[in-house]
Amino acid sequence: MTIYGIKNCDSVRKAMKFLRAKEIAFDFVDFKTTPVERAKIDQWLEQSPIEKLFNTRGTTYRTLNLKALALDAQGKAEWLGKENMLIKRPVIEYKDQVIVGFNEAQYEEIFI
């Protein structure tokens, strides 16, 4: 299992705390120090819709004023590759699944 995110994100911390409490091992990739390549993002998009992966609630989205661009799915995917902070966190690769965001009930179903 691999978790992608940033260390100081509350959702990422909650996800890691949940997994540690259940004694589930994982690798962590901090995309502030290890950027996620566009090819990896494209793999995620095969399993998760762009609306779920593209974070419109964060500071980066507002700072870049992306709402004004009215991006389509392709445009959003391009921005995810250029600016990883637009990726909703955490992104978890587990077996053949991509899980986006923290949802304790969903985690209980998937990981327990």
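**Salt bridges**

The whole structure contains four salt bridges, each a side-chain nitrogen of Lys or Arg within 4 Å of a carboxyl oxygen of Asp or Glu. This is a predicted model: local features need pLDDT of at least 70, side-chain atom pairs count only at pLDDT 80 or more, and totals for chains, interfaces and linings use all residues. Residues are numbered from 1 along each chain as its sequence is written, and side-chain values use heavy atoms, with hydrogens and water left out.

Select arginine 13 and aspartate 10. Their closest N and O atoms are 2.4 Å apart, in a salt bridge. Both sit in helix H1 (residues 10-21), three residues apart, so about one helical turn separates them. Helices (H or I, at least four residues) and strands (E, at least two) are DSSP runs, numbered from the N terminus. Arginine 13 is partly exposed, at 41% relative accessible area; aspartate 10 is also partly exposed, at 47%. Buried means under 20% relative accessible area, exposed over 50%, partly exposed in between (1.4 Å probe, protein chains only).

Next, pick glutamate 108 and lysine 22. Their salt bridge has its closest N and O atoms 3.5 Å apart. This pair links distant parts of the chain, 86 residues apart: glutamate 108 in helix H6 (residues 104-111), lysine 22 in the loop between H1 and strand S2 (27-30). Glutamate 108 is partly exposed, at 31%. Lysine 22 is partly exposed, at 37%.

Now take glutamate 93 and lysine 40. Their side chains form a salt bridge at 2.9 Å, N to O. Again distant parts of the chain are linked: glutamate 93 is in strand S3 (residues 91-94), lysine 40 in helix H2 (residues 38-47), 53 residues apart. Is glutamate 93 buried or exposed? Glutamate 93 is buried, with 18% relative accessible area, while lysine 40 is partly exposed at 23%.

**A buried asparagine**

Move to asparagine 84, in the loop between helix H5 (73-82) and S3. Asparagine 84 is buried, at 6% relative accessible area. A polar atom of its side chain lies 2.5 Å from the backbone nitrogen of valine 36. Show its surroundings: apart from neighbours within four places in sequence, asparagine 84 is in contact (heavy atoms within 4.5 Å) with Phe31, Pro35, Val36 and Ile41.

Step back to H5. Here Gly75, Lys76, Ala77 and Leu80 are buried. The cover over the buried residues of H5 includes H2 and helix H3 (50-53).

**Backbone stops**

Select arginine 89 and proline 90. A cis peptide bond joins them, with omega about -15°. Proline 90 lies in the loop between H5 and S3.

Two residues in the loop between helix H4 (59-63) and H5 come next. Asparagine 65 lies there. Its phi is near 55°, positive in a residue other than glycine. Asparagine 65 is partly exposed, at 48%. Alanine 70 lies in the loop between H4 and H5. Its phi is positive too, about 45°, although alanine 70 is not a glycine. Alanine 70 counts as exposed, at 64%.

**Last stop: the pocket**

Which residues lie nearest the centre of the largest pocket? Select Ser11, Asn55, Arg57, Lys88 and Arg89; the lining has 15 residues. A pocket is an open set of points on a 1 Å grid over the protein atoms alone, where a 1.4 Å probe fits, with protein on both sides within 12 Å along at least five of seven lines; lining residues have an atom within 4 Å of a point. The lining divides into four nonpolar, six polar and five charged residues.

Definitions and conventions:
Ala, Val, Leu, Ile, Met, Phe, Trp, Tyr, Cys and Pro count as nonpolar, Asp, Glu, Lys and Arg as charged, and the others, Gly among them, as polar. A polar contact is a pair of N or O atoms within 3.5 Å; within protein, one must be able to donate a hydrogen and the other to accept it, and residues adjacent in sequence count only if both atoms are side-chain atoms.
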